Amino acid sequence: MINYRYLDIAEVKHLTSLSEATIYRQMDKGVFPNSHDLTDNRVAWRDIDIFEWMNTRKPSTGINRKHDKLLNKVFS
């Protein structure tokens, strides 16, 4: 059994370095994991879905390589 936890939007933004608007736009396009309704006013993402999505991304080539460092920690 795989254990996972739910991430709120602040955690997803931090992990992915994406803005909230970009996250929702990419969800609408079907290229970002969908959120899950926890209550009427609260959504969250499964951490495993976010990590799998991050693993499919190309490594960044810019100065901010936080994403790549995080992936190395998670998947090593």
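Modeller: Let's start where helix α1 begins: there, a side-chain oxygen of Asp8 comes to within 3.2 Å of the backbone nitrogen of Ala10. That is a polar contact (N or O atoms within 3.5 Å, one able to donate a hydrogen and the other to accept it; sequence neighbours count only if both atoms are side-chain atoms). Keep in mind that this is a predicted model, where local features need pLDDT of at least 70 and side-chain atom pairs 80 or more, while totals for chains, interfaces and linings use all residues. Residues are numbered from 1 along each chain as its sequence is written, and side-chain values use heavy atoms, without hydrogens or water.

Helix α1 covers residues 9-16. Helices here are DSSP runs of H or I with at least four residues, strands are runs of E with at least two, and both are numbered from the N terminus. Along α1, the buried residues (under 20% relative accessible area; exposed is over 50%, partly exposed in between, with a 1.4 Å probe and protein chains only) are Val12, Leu15 and Thr16. They cover an arc of only 85 degrees around the axis, so they sit on the same side of α1. The arc is taken from the directions that run from the helix axis to the C-beta atoms.

Just after α1 comes Ser17, with a positive phi of about 65 degrees, although Ser17 is not a glycine. Most residues other than glycine have a negative phi. Ser17 belongs to the loop between α1 and α2 (20-29), and because its relative accessibility is 38%, Ser17 counts as partly exposed.

Now for the neighbour. α1 packs with α3 at an angle of about 20 degrees, and their axes are 11 Å apart. That angle makes α1 roughly parallel to α3: under 35 degrees is roughly parallel, over 145 roughly antiparallel, 65 to 115 roughly perpendicular, and the rest oblique. Axes are lines fitted to C-alpha atoms, for helices over the stretch in contact, and angles run from 0 to 180 degrees between N-to-C directions.

On α3 (residues 47-56), the buried set is Asp47, Asp49, Ile50, Trp53 and Met54. Seen down the axis of α3, these fall within an arc of 160 degrees, so they line one face of the helix. Glu52 is also in α3, but at 47% relative accessibility Glu52 counts as partly exposed. The C-alpha atom of Glu52 is separated by 9.1 Å from that of Pro33, 19 residues apart along the chain.

What about the wider picture? The protein has four helices and three strands, running β-α-α-β-β-α-α from the N terminus on. The strands make an open sheet in the order β1-β3-β2, with antiparallel pairing; two strands pair if DSSP finds at least two bridges between them. β1 (6-7) and β2 are the edge strands, each pairing on one side only. β2 (residues 36-39) and β3 (residues 42-46) share three bridges, with a hairpin of two residues joining them. Across that pair, His36 stands opposite Ala44, and Asp37 has Val43 as its bridge partner. Over the whole protein, 28% of the 76 residues are buried.
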